[in-house]
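Please look through the structure below before reading on. The paragraphs that follow go from the whole chain to single residues.

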Amino acid sequence: AYNIHVNGVLHCRVRYSQLLGLHEQLRKEYGANVVPAFPPKKIFTLTPAEVEQRREQLEKYMQAVRQDPTLGGSETFNSFLRKAQQETQQIPTEEVVLEVLLSNGQKVKVTILTSDQTEDVLEAVASKLDLPDDLVGYFSLFLVRETKDGAFSFVRKLQEFELPYVSVTSLHNPEFRIILRKSYWDSSYDDDVMEHRVGLNLLYAQTVSDIEHGWILVNKEQHRQLKSLQEKVSKKEFIRLAQTLKYYGYLKFDPCVTDFPEKGCHVVVSAGNNELNFQVRLPSEQIKEGSFKVTRMRCWRVTSSVPMSNGPSGSSPGKSEVKLELAFEYLMSKDRLQWVTITSPQAIMLSICLQSMVDELMVKKSGGSIRKMFRRRVNGALRRSDSQQAVKSPPLLDSPDASREPMAKLSSKLTSVSLRGISHSSSANDVGANDFHGNYAFEGIGDEDL
């Protein structure tokens with residue numbers, strides 16, 4: 001059997017015959033000219049070298065299918081992965097109670113089936129909170145890891161090819177939770193969400209929580225104004241003021257390492273406002289801040305590597321952590337592209353953020369509406385929850401934490417430093433061109449944007 005890892009985690013184990021069955025079904029539905037070539041059957045037993053070759057071919061096949069907008073989004077492909085996930089984890093289909101957290105730590109318990117996909121669980125949570133159908137698409141479920149200080153470290157956005165209950169329970173660790181958060185980047189969509197009482201309460205709870213965790217920067221005067229709006233229970237005005245603050249609507253990542261402007265720099269990355277924001281600590285201990293616009297990224301990729309152990313095998317069991325990296329090729333100036341690498345366990349989540357920013361930009365560019373971005377399933381009756389649950393109002397903001405490191409407000413932006421070109425690496429295991437996420441929004445850059 002082959003282990004399929006999706007987003008850095010073992011998703012399922014499947015046999016060659018099962019993948020061949022999927023391939024034949026996709027060909028039947030979409031035609032042979034659309035579906036990529038499949039590794040051929042062999043009559044004789046495979047040699048170890050052939051086994052490895054087939055594994056590589058199957059990996060490339062699955063990646064090619066997933067990256068094709070028609071095939072990758074198809075019910076055939078996604079249901080195959082969901083079913084395989086459930087079978088691999090040996091979780092029978094039954095009714096269970098799943099706990100989903102809101103940003104303010106409030107727990108929402110929903111009764112679902114273990115075989116329910118992400119969309120079903122999202123709808124069950126929305127129904128329990130009485131969030132109207134047309135606002136469900138503005139929110140997503142995220143897999144997070146609870147940190148010691150009660151904050152959350154984002155692992156990934158739950159996708160349509162997985163079963164949330166199976167995904168979270170198969171990790172066998174109570175620190176992993178599922179959280180509901182808004183899923184869009186452009187804060188002008190806040191207006192749609194705030195039209196409805198429950199939408200407003202969810203957005204308000206998330207904003208208060210982001211300020212408390214230091215994700216949104218607030219000075220003393222702004223803090224005083226926010227607190228007085230909270231005391232008056234002016235939620236809309238509170239959000240309006242928060243929208244003007246630095247890092248509003250950004251997702252903040254755990255401290256990690258980058259090779260920009262030089263190798264081995266410690267960095268805090270935040271994603272939002274169609275950019276990745278870097279706060280870099282240079283070897284001189286100076287902190288610099290700068291942003292990489294998503295519209296100037298030509299492509300990006302996530303790579304994972306398992307470090308080779310130097311000591312005797314078994315000296316450190318379970319310590320061979322997979323190292324994840326996100327690398328993007330950035331248009332530094334009119335005719336200079338440069339690779340920037342971030343080494344972080346959250347590289348998958350960073351890639352998901354970039355992809356969803358690009359998707360949102362493309363929808364806007366084509367004059368579409370974000371409401372239409374979310375495919376609603378026509379079939380399948382929704383299990384409407386009998387017992388509704390209100391979003392609790394968060395407590396008043398504490399006064400700013402004096403112990404929190406003051407952010408160095410430096411006007412100095414990151415200077416461009418040339419980097420090793422990952423693309424020119426000639427090592428045998430170099431990543432092929434089809435492992436890149438090409439950025440469709442990139443083509444829209446005109447000279448005036450530079």
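Helices and strands here are DSSP runs, a helix having at least four residues and a strand at least two, and they are numbered from the N terminus. Counted in this way, the protein chain has 12 helices and 16 strands. The model is a predicted one.

Of the 450 residues in the protein chain, 46% are buried. The chain exposes about 23,400 Å², and 51% of that area is supplied by carbon and sulfur atoms. Contacts can also be sorted by separation in sequence. Among those between residues at least 6 apart, 64% join residues at least 24 apart.

How many disulfides does a search of the whole structure find? The search finds 0. Cysteine 12 has a relative accessibility of 0% and so counts as buried. Cysteine 256 counts as buried because its relative accessibility is 6%, with the cut-off for buried set at under 20%.

Next come two helix pairs. Helix α1, residues 16–30, packs with helix α4, residues 75–88, at an angle of about 160°, and their axes lie 10 Å apart. Angles over 145 degrees count as roughly antiparallel, so α1 and α4 are roughly antiparallel to each other. Their crossing is right-handed. On the α1 side the contact is made by Gln18, Leu19, Leu22, Gln25, Leu26 and Glu29, and on the α4 side by Thr76, Phe77, Phe80 and Glu87.

The other pair is helix α9, residues 197–212, and helix α11, residues 235–243, which pack at an angle of about 45° with their axes 10 Å apart. That angle makes α9 and α11 oblique to each other. The crossing of α9 and α11 is left-handed. Residues of α9 that meet α11 include Leu200, Tyr204 and Ile211, while those on α11 include Lys235, Phe238 and Ala242.

Tyrosine 247 has a positive phi, near 70°, and is a residue other than glycine. Is tyrosine 247 buried or exposed? Its relative accessible area is 5%, so tyrosine 247 is buried.

Glutamate 285, in the loop between β11 (275–281) and β12 (287–293), also has a positive phi near 70°. With a relative accessible area of 52%, glutamate 285 is exposed.

Finally, a cis peptide bond joins phenylalanine 260 to proline 261, with omega about 0°. Proline 261 is in the loop between β9 (256–258) and β10 (265–272).

How values were computed
Residues numbered from 1 in each chain as written. Predicted model: local features only at pLDDT ≥ 70, side-chain atom pairs only at ≥ 80, totals over all residues. Heavy atoms only, no water. Buried < 20%, exposed > 50% of the residue type's maximum accessible area, 1.4 Å probe, protein only. Contact = heavy atoms within 4.5 Å. Areas by Shrake-Rupley, 256 points an atom, 1.4 Å probe, with all protein chains shown as cover. Disulfide = S-S within 2.5 Å. Axes fitted to C-alpha atoms, helices over the stretch in contact; angles between N-to-C directions. Parallel < 35°, antiparallel > 145°, perpendicular 65-115°, else oblique. Left-handed = near helix turned anticlockwise from the far one by under 90°.
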